[in-house]
Amino acid sequence: MSKKRRRHSAEQIIKKLRDADAMVAAGKSVGEVLQALEVSEATLSRWRSQYGGMKSEEAKRLKSLEEENNRLKKIVADQALDISMLKEIAKGN
């Protein structure tokens, strides 16, 4: 039986990472921590590598920068298409 996939916000991830660190420091096993947080070991390690020492505000800033970067990439791609079309039209004349 598979569980429904859940999306976590950056703030939730950082809170769960802090909780995981606290549980491990309190002497719980990694398996118990994973079960309490309801995540897999791969997810936890991916979160650690991505959000390791961040604070909640830093995670929000990272998310907004990633969104802005994606928007700008789309604009550049659209402009490259426009330039390509104009070059094709200019060849015909």
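A residue counts as buried when its relative accessible area is under 20%. Keep that cut-off in mind as you look at this predicted model. Buried residues make up 17% of the 93 residues in the protein.

**Stop 1: the whole chain**

Show everything as a cartoon. You will find 4 helices and 0 strands. Follow the chain along its sequence and the pattern reads α-α-α-α. The radius of gyration is 22 Å, well over the 12 Å that the globule rule gives for 93 residues, so the protein is more spread out than a compact globule. Now turn the view along the principal axes. The C-alpha trace spans about 75 × 35 × 15 Å.

**Stop 2: the surface**

The protein exposes about 7,700 Å². Carbon and sulfur atoms supply 54% of that area. Next, colour by charge. There are 20 positive and 14 negative charges, and their mean positions are 3 Å apart.

**Stop 3: contacts**

Hide the surface and think about which parts of the chain meet. Take the contacts between residues at least 6 apart in sequence. Of these, 57% join residues at least 24 apart.

**Stop 4: residues 55-82**

Select residues 55-82. An unreviewed UniProt entry annotates this span as "coiled-coil region". What share of the span is helix? In the model, residues 55-82 are 96% helix and 0% strand.

**Stop 5: E88**

Move on to helix α4, residues 56-92, and select E88 within it. Is E88 buried or exposed? E88 has a relative accessible area of 52%. Exposed means over 50%, so E88 is exposed.

**Stop 6: E38**

Finish at the loop between α2 (30-37) and α3 (41-51), where E38 sits. Look at its backbone. Most residues other than glycine have a negative phi. Phi of E38 is near 60°, a positive value in a residue other than glycine.

Then check the exposure of E38. Its relative accessible area is 48%.

Technical notes:
Residues numbered from 1 in each chain as written. Predicted model: local features only at pLDDT ≥ 70, side-chain atom pairs only at ≥ 80, totals over all residues. Heavy atoms only, no water. Helix = DSSP H or I, 4+ residues; strand = E, 2+ residues; numbered from the N terminus. Rg over C-alpha atoms; globule rule 2.2 N^0.38 Å. Buried < 20%, exposed > 50% of the residue type's maximum accessible area, 1.4 Å probe, protein only. Contact = heavy atoms within 4.5 Å. Areas by Shrake-Rupley, 256 points an atom, 1.4 Å probe, with all protein chains shown as cover. Lys, Arg positive; Asp, Glu negative; His and termini not counted. Charge placed at Lys NZ, Arg CZ, Asp CG, Glu CD. UniProt positions renumbered as here; feature names shortened; annotations may be inferred.
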